Amino acid sequence: MRDINISELERKFQEKIDNDVKIEPNDWMPEEYRQTLIRQISQHAHSEIVGMLPEGNWITRAPNLRRKAVLLAKVQDEAGHGLYLYSATETLGADREETIDDLHSGKAKYSSIFNYPTLTWADMGAIGWLVDGAAIMNQVPLCRCSYGPYARAMVRVCKEESFHQRQGFEIMTQLAQGTPEQKAMAQDALNRFWWPALMMFGPSDADSKHTAQSVQWKIKRHTNDELRQQFVEVTVPQAELIGLTVPDKDLKFNEANGHYEFGEIDWTEFWEVVKGNGPCNKDRLDARRKAKENGMWVREAANAFAAKRAARKSA
Ligand code: FAQ
């Protein structure tokens with residue numbers, strides 16, 4: 001009897017999804033759908049928070065006041081994105097402290113891209129242009145995700161990411177039009193960030209274990225390879241426009257079908273970084289753990305204040 005009821009609930013749930021009706025926190029949902037969302041949204045939240053570190057590294061060394069103000073605002077935006085996303089996981093019943101502890105223990109994943117170092121100022125341009133550019137390509141379809149709170153959070157996030165992408169492209173444009181040394185610095189940043197940016201879209205469709213189910217549930221609207229291809233289509237002409245060269249000897253425009261073809265991603269490098277063996281994985285987690293320890297007194301003070309106020313109210 002119970003099985004029949006569950007399959008009826010599942011049928012209605014899938015019917016809603018098929019009709020593009022949003023699933024809201026109090027609606028019935030299959031446990032696997034809930035777990036998939038908690039996994040993806042929490043990894044996304046961790047990426048936003050860890051993603052503050054590579055750019056935070058350059059706030060004190062921005063070349064002028066305007067650049068510094070813009071970078072500071074961008075890094076703060078990323079913190080805001082992380083907070084919306086942690087809140088979205090809470091609507092699914094996840095505990096925020098446990099979610100964050102999973103990041104600090106190394107159990108939870110975050111985007112591979114943030115495990116690469118930011119060596120020069122041009123890296124701020126490359127991150128805005130390529131990393132935020134890839135993030136937008138992935139996140140615009142998430143505005144139509146079947147889960148309401150995630151989809152709505154993505155609307156504002158995408159608007160902000162769009163500003164981030166433009167400020168990065170502006171930095172790259174200026175450097176590419178600058179002195180030969182500045183242009184070389186921009187080219188070097190593109191060389192180092194191009195392939196890791198392509199890896200952000202995740203494993204190839206053949207190796208992606210979650211895509212088929214997530215597409216059926218309309219959590220994902222496109223496959224990893226589809227989004228990666230779109231990113232290449234949009235970004236290669238931008239590089240050409242500012243006189244930079246995409247570091248891929250196999251890249252070519254196929255006149256017959258109107259699409260770019262590009263070289264093979266180094267999947268061994270990708271999985272090594274995902275497993276924790278990238279150039280900065282250890283530094284990134286150490287920095288997050290240290291931030292939690294350093295903020296302990298603030299949380300203790302806030303809790304003590306809240307307890308005192310509650311006691312005063314009930315007296
Ligand atoms: N890095 O079966 P799939 C940003 C994992 S936000 C690390 O294809 P799925 C803003 C994946 O989790 C950037 N791990 O998985 C910003 C899974 O592991 P699991 C983050 C990766 O979920 C800009 C396994 O591989 N954006 O940049 C990666 O269907 C500048 C198998 O993969 C999001 O999180 C990777 N690149 O597709 C901030 C967007 N790729 O959980 C600061 C939302 C895959 O089974 C500065 N997420 N894995 O152990 C998504 O769209 C999806 O989760 C994908 C992966 C597309 C990332």
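Author: By class, eight nonpolar, one polar and five charged residues make up the lining of the second largest pocket (Ala, Val, Leu, Ile, Met, Phe, Trp, Tyr, Cys and Pro count as nonpolar, Asp, Glu, Lys and Arg as charged, and the others, Gly among them, as polar). A pocket here is an open set of points on a 1 Å grid over the protein atoms alone, with protein on both sides within 12 Å along at least five of seven lines, and a lining residue has an atom within 4 Å of a point. The model is predicted, with local features requiring pLDDT of at least 70 and side-chain atom pairs pLDDT 80 or more, while totals for chains, interfaces and linings use all residues. Numbering runs from 1 along each chain as its sequence is written, and side-chain values use heavy atoms, without hydrogens or water.

The second largest pocket holds about 340 Å³ of space (a volume is the space filled by probe spheres set on the points, which are joined across faces, edges and corners). Its lining has 14 residues, with Ile 49, Leu 83, Tyr 86, Ile 100 and Arg 288 closest to the centre. Two or more lining residues come from each of α4, α5 (96-104) and α12 (281-294) (helices are DSSP runs of H or I with at least four residues, numbered from the N terminus). The greatest contribution, five residues, is that of α5.

One of these helices, α4, has 26 residues and reaches 38 Å from its first C-alpha to its last, close to the 38 Å expected at 1.5 Å a residue (the expected span is 1.5 Å times one less than the number of residues). At the start of α4, a side-chain oxygen of Asn 64 comes within 3.2 Å of the backbone nitrogen of Arg 66.

Helix α4 (65-90) also supplies at least two residues to the lining of the largest pocket, as do α2 (31-50), α6 (122-139), α7 (148-176), α10 (224-241) and α11 (267-277). By class, the lining divides into 18 nonpolar, 15 polar and 12 charged residues.

Ligand oxygen atoms lie 3.0 Å from a side-chain N or O atom of Arg 39 and 2.8 Å from one of Asn 224. Taken alone, the ligand exposes 1100 Å², of which the protein buries 93% (Shrake-Rupley method, 1.4 Å probe).

How values were computed: 1 Å grid on protein atoms, 1.4 Å probe; cavity = no way out; pocket = protein on both sides within 12 Å on 5 of 7 lines; lining within 4 Å. Polar contact = N/O pair within 3.5 Å; in protein donor to acceptor, adjacent residues only side chain to side chain.
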